[in-house]
Amino acid sequence: MTFGKFLKLLLATLNVPMSHLAKAINVDSSLVSRWVHEKRLPSYAASYLDNIAEYLSRKVMNTYQIKLLDELYYDSIGYDNIKDITNREKIRTLLYNSLNYSIECKKKEKGISNISKSKKQITVNVNAIDMPQMSITNFIDLSGNDKLIYGISNIFSTVITMLEMASKYKRKNNNIIYFTLFNGLDISFLSNNRIGYIQELLQKVLENGWTVYFLLQLNNNTERLFQFIHFLLPIGVTENINVFYFNKYNISLLGNEIYIISGIGALSCYPANQSMVINCGFYLKNKSAIDVFTNYLNLHVHNNANSVLKYYPKDMNEEYHDSLSEIMRKPGNQFNYNCMYYLPEKLYRKFLRKTKLSQKEKLRSLQHYKKQWNSIITNLENYKCSSIYFSESLELLINNHILCLYTYSGVEKVKLGVQDMIEYLQHIIQFIMTYDNFHVAVIFQDTNLVKNNKYSYIIKERRAVYFNSFGSFESTAEVRLSIEEPMTVKSFTEYFNMVWEKISPINKDKAEIVTWLQSYITILDKKN
């Protein structure tokens, strides 16, 4: 069916006047009329078809309309599991197919061959080939901006250009970005400045409502995974980020680099010599080509990939804390980043009463904290527990009398009195000096270390990572997640150890830290 006929049928079936469609997609009514009467065809470059599909899919109201749409889709595509596909996607696919057919009809009318545009005619003895004759009757001309790119610097520049375009406007629908930055690209090329700029751009696109899917190849190359964690954490993990790893090692895209931004571009990179280093790529801006790549990746992710991250929304507080308490109870070394469990039950209960949580939330918070506290104390008899802490948190307490308390419902800011703060610091000192297996490091503002105190995490060696993000920018809320994939847990442990090694020895010396804490107690005593 030609585009005009299909659009006319669709409007009639859904009882939508042409003027209503024109208004919905912000074009003149005469343009829609010319489409329906086959005097004009919409452009691929514009977003007409997507907008039409989005609007008309909301007009599918009854079973007759659904049945007709399903029949048209099945006749055109022949896909059995029609229930798996949304009405919007059905309409969109049919619009593109009918437009393709109309374009072919126009070309035939003008006498243009669909098989070859070469001036030289090549004759083939068909009788000598034991196969049926074939002709190309369904294709889409790619845009003049589609390119074959050589060289890692040009590949990097193309990725930057795509991200810069995505960072300039907000995206609500069709907002997927696929990234495989550390699968096959030469890590030595990715300097700190280049990595930093990509992080900056990704943070902007996340603020604008894009969803980013990172695709990882998990093997014994922990260095690449370590580099990825080092790259990801400063961005600030949100629910708009997900990380997938492939559970099959023979997938064709493994080892390649793929960057796809819906509606903007698709870049697929490959090694072009025996060194197997990524050094060339196909860059496509044609909308249909981007959709093909996106659908291809969607299929692979659906069938062959697992999510590295397990998110816990607010309605899964119980599951999150049960899981965390269970992991902390297991024997093994533990590593804490920007989270402290120094409070005994009595003091935690006292501070908990100062929050605005409901009685049920306070009870749940206390129950889970007791489990976690007892697990730490028990494990310290035989296993090491290392904690990295930020001086800013203590300065917030001293200057503003505010303590960040971990509760069942998230991090609560508690207003403390001077005596409360003195008691809190005294218990920290007692805890540090009591347990030989407990090690603490403090990151100060003047430390030459990349730091981010917008998140905290707990690593149970060889078991799991529990991550808590406080929101990296205004549009993101607190996020909780866990990671149990063994390679990723191992790489997180190595990352923590890397940060630990970068901290000055004096900032890991217990006696020095106790002296520092005691100086604050002296200041508070004077206030008291």
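Buried means under 20% relative accessible area, exposed over 50%, and partly exposed in between, with a 1.4 Å probe and protein chains only. This is a predicted model, in which local features need pLDDT of at least 70 and side-chain atom pairs count only at pLDDT 80 or more, while totals for chains, interfaces and linings use all residues. Residues are numbered from 1 along each chain as its sequence is written, and side-chain values use heavy atoms, with hydrogens and water left out.

Let me begin with the backbone. Most residues other than glycine have a negative phi. Asn-26, not a glycine, has a positive phi of about 65°. Asn-26 is exposed, at 71% relative accessibility, and sits in the loop between α2 (18-24) and α3 (29-36); helices here are DSSP runs of H or I of at least four residues, strands are runs of E of at least two, and both are numbered from the N terminus.

I turn to salt bridges, each a side-chain nitrogen of Lys or Arg within 4 Å of a carboxyl oxygen of Asp or Glu. One of them joins Asp-50 and Lys-287 at 2.6 Å, N to O. Asp-50 belongs to helix α4 and Lys-287 to helix α10, so this pair ties together parts 237 residues apart in sequence. Both Asp-50 and Lys-287 are buried. Another salt bridge, at 2.0 Å, pairs Asp-291 with Arg-92. Asp-291 is buried at 13%, and Arg-92 is buried at 8%. A network of salt bridges links Asp-50, Glu-89, Arg-92, Lys-287 and Asp-291.
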